[in-house]
Amino acid sequence: MEKSENRDFFSMDRRTFLKVVGAIGASAFLGIHSSKITKALELSKTKIIWIHGAECTGCSSSLLNGGNPDLSQAIDKLSVDLAFHETLLAQQGIFVDGSPASTSELNSEILLDEAIEEGNYILVVEGSIANGPDGSGKYCMYGERTFKEIFEKAATNATAIMAVGMCAAYGGVNSADSDIKDITDFRGVAYLNEDSSKGMLSILGIDKPVINIAGCPAHPDWVLLTLAAVILGKIDINNLDAVLDTYGRPVVFFPTDNSMHDNCPRRGYYDRGILDDDLSGEGCLLKVGCKGPYTRSDCGLRRWNGSVSMCTQAGSPCISCCEPGFPDVASPFYEMIEDKPLAYGMNVGTMSTIGVGVAAAGVAAHAARRIVFDKYAEDRKRKEEE
Amino acid sequence: MEDKKIDKECPKLVSRKAIKMYGERHIERYSFLERLAHFAHLTALFVLLITGFKIYMGWEFLTYHAALNIHMAFAIIFMVANWIIIPYNIITTECPHCEICDAGGIRGYSHRAMHIARRYLFGPTDAKRVKQILLNYLGKAPYPAYTVFDVKNRGYIDKLHPMTKFLLVFEGAAVGLVFISGIPLYHQQWELLGIPIGHWILLAGDMIGPYFNLGTLALIRTVHLLVAYFFIIEVTVHVGIIELDPKIWKFHKAIFWTGTSDLCDYHYVDLINVDDDEPIAQKE
């Protein structure tokens, strides 16, 4: 523990980082370094603008549940200028005859505009961005303005963008398959599901460094540690490829060489072949639809709610909420991924059953023809010869 | 004495002629390496299927780690058999010693390659044989001979059942797929001599997965499972349909033990170029 206190954890490689966290526990680790993280936020003069699109504010709620540091701890001492966060600020949007009224001290719309005009900020986006109907973005309005318009303005002047949560990063539930999906046309900041060519930035023709903090919701550590690393310059925003995976997620939280399943608290049961058939047992949840083996996240190491629990620990299968394409790629949540229809409404099991069935029928027909009827024919031939 | 025995045991004139011409009654059908490759392939496949389904289904007869270790060891045996021994056997297989092949040079090697291709790849002759097999099921045609041995030039023209040849292409593709999908399941960032093969496979999965509404790792696991089921179907067809015939149990004996074929056993065998003057083709 002392050794880790004397080390700059931002300079550790991922393996060492995970070793240290695993050895002393994520909670203790963050406890040790909480002052550093807070200090990182204190020392910096970086301005942050946090805007909300189509979302449930679950990621902000998750952020408020952060323990080490918690958000208020950081904000109390904040010389980081959290210029705008719609859920936390006191101002409201006030419109008179369709135009923002009063000043930025009272009117959040004016506050946002002024903050954007000043520039030099990190833009945090929570929620997806409506592009529909017909590219107008009118399915997500702020007063008289579309969120698409606000995002375009904010993204243009931003130094870097952090897309927090699945909605902002990949479209999330807003982009899930539905009858209205094409009409509403919600997009992530830089991606639409797995496709990096269909993000809102591509539509708007804006080129900015983007970090995707996946998760539904995003873990507070993922958000705050990434933010602190960016502010401290531990993450070079001009060389993000070195720290992000192919979907723009920080590899330290979303490792590319293992899955959630590898660090799951129920992993031992899987190893021993104890797989539950319902949700009430203590065994591995693979057969009730756990998507842990397909999910890249450090949930198993980091845990949630102050590092005391996580989905599978609480008895729920992992729903792969960190993977691009969520929720469609993980649906149905409570069925094995192999039970999902692949083609013509058939899953692997059905295809295989048909294949084996046809082959077995062929075997039976062949055996009857070659062994029974051939023998009968030979016997008849022999009798005729006699 | 020996001639009398052969005359008694060989009901077909062409067989007797062939034995006299060839000088031996038994000809090599499968070399030791061919038998070894087949046995290694078979054993490895069964072990891989059993341990693989243990890992997937969570069967209780082995621990996960034991199953994984056995699975990985036999995966290596499987790949060595399929990608080293079998290609070596194919390249070095004994072909008829025809004049063009014996002449050597580019033409000679090309001709030899044609011999090999005909022996292992499904072609027009095989399509005709399949048609005849189907007619045979209806009692409207004799079962075709699919093993063709050139007695004069001392080599097989054809050896395999047409359906075996048909399955070989899919089997080859399945072996490739199971290997490719197995790499990231073993280690997502697996490298060979610094080449990030695991990473490349994941990138390919990133591109293909969305077409099936699956994440990358889910796609890779699904493909691996699908190929496992393919092998079960293939084995069922191979053993149950093609090989389940008392008349070809001689080939079972040859592939697993003796490696030889009896020229007196005429079932499904054509002996050609038996006479210098007049080639004799014989069907059952």
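Modeller: Two residues are in contact if their C-beta atoms, placed from the backbone, lie within 7 Å. By that criterion, 37 residues of chain A are in contact with 34 residues of chain B. This is a predicted model, in which local features need pLDDT of at least 70 and side-chain atom pairs count only at pLDDT 80 or more, while totals for chains, interfaces and linings use all residues. Residues are numbered from 1 along each chain as its sequence is written, and chains are lettered from A and ligands numbered from 1 in the order in which they are written.

Colleague: Which helix gives the most to the side of chain A that touches chain B?

Modeller: Helices (H or I, at least four residues) and strands (E, at least two) are DSSP runs, numbered from the N terminus. Helix H12 (267-271) and helix H14 (348-385) of chain A each supply at least two residues of the side that touches chain B. H14(A) gives the most, with 13 residues. As for composition, Ala, Val, Leu, Ile, Met, Phe, Trp, Tyr, Cys and Pro count as nonpolar, Asp, Glu, Lys and Arg as charged, and the others, Gly among them, as polar. The residues of this side of chain A divide into 16 nonpolar, 12 polar and 9 charged.

Colleague: Into which domains is chain A divided?

Modeller: Domain bounds come from an automatic or database domain assignment. Chain A is divided into domain 1 (2-242), domain 2 (258-340) and domain 3 (349-386). Between the domains, 22 residues of domain 1 of chain A are in contact with 14 residues of domain 2 of chain A. On the domain 1 side, helix H2 (14-24), helix H3 (26-43) and helix H8 (165-170) of chain A give two or more residues each. The largest share, 3 residues, comes from H2(A). The residues of this side of domain 1 divide into 10 nonpolar, 9 polar and 3 charged.

Colleague: How many residues has the largest nonpolar core?

Modeller: A nonpolar core is a set of buried Ala, Val, Leu, Ile, Met, Phe, Trp, Tyr and Cys residues joined through C-beta atoms within 7 Å. A residue is buried if 20 or more other C-beta atoms lie within 10 Å of its own, exposed if 12 or fewer, and partly exposed in between. The largest core has 102 residues, and A:Val125, A:Val164 and A:Ile213 are among those with the most contacts inside it. Helix H11 (residues 220-232) of chain A provides the largest share of this core, 9 residues. The core draws at least three residues from each of domain 1 and domain 2 of chain A. A second, separate core of 20 residues includes B:Ile19, B:Phe251, B:Leu263 and B:Tyr268.

Colleague: In what order do the 5 strands of the open sheet in chain A stand?

Modeller: Two strands pair if DSSP finds at least two bridges between them. The order in chain A is S2-S1-S5-S9-S11, with parallel pairing. Strand S2 (81-85) and strand S11 (210-213) are at the edges with a single partner strand each, so one side of each is left without a neighbour in the sheet. Within the sheet, S5 (residues 121-126) and S9 (residues 160-164) of chain A pair over 5 bridges, and A:Glu126 stands opposite A:Val164. Leaving aside neighbours within four places in sequence, the contacts of A:Val164 include A:Cys59, A:Val124 and A:Ala218.

Colleague: Is A:Ala160 buried or partly exposed?

Modeller: A:Ala160, which lies in strand S9 of chain A, has 18 C-beta neighbours inside 10 Å and therefore counts as partly exposed. The C-alpha atoms of A:Ala160 and A:Ile237 are separated by 7.0 Å, although the two residues are 77 residues apart along the chain.

Colleague: Which pairing does the open sheet of 3 strands in chain B have?

Modeller: The order S3-S2-S5 of chain B has mixed pairing. S2 (residues 147-150) and S5 (residues 269-272) of chain B pair in the parallel sense over 4 bridges, whereas S2(B) and S3 (residues 155-158) of chain B pair in the antiparallel sense over 3 bridges. B:Asp150 has B:Gly155 as its bridge partner in S3(B) and stands opposite B:Ile272 in S5(B). In the hairpin of S2(B) and S3(B), with 4 residues between the strands, B:Arg154 takes a positive phi near 55°.
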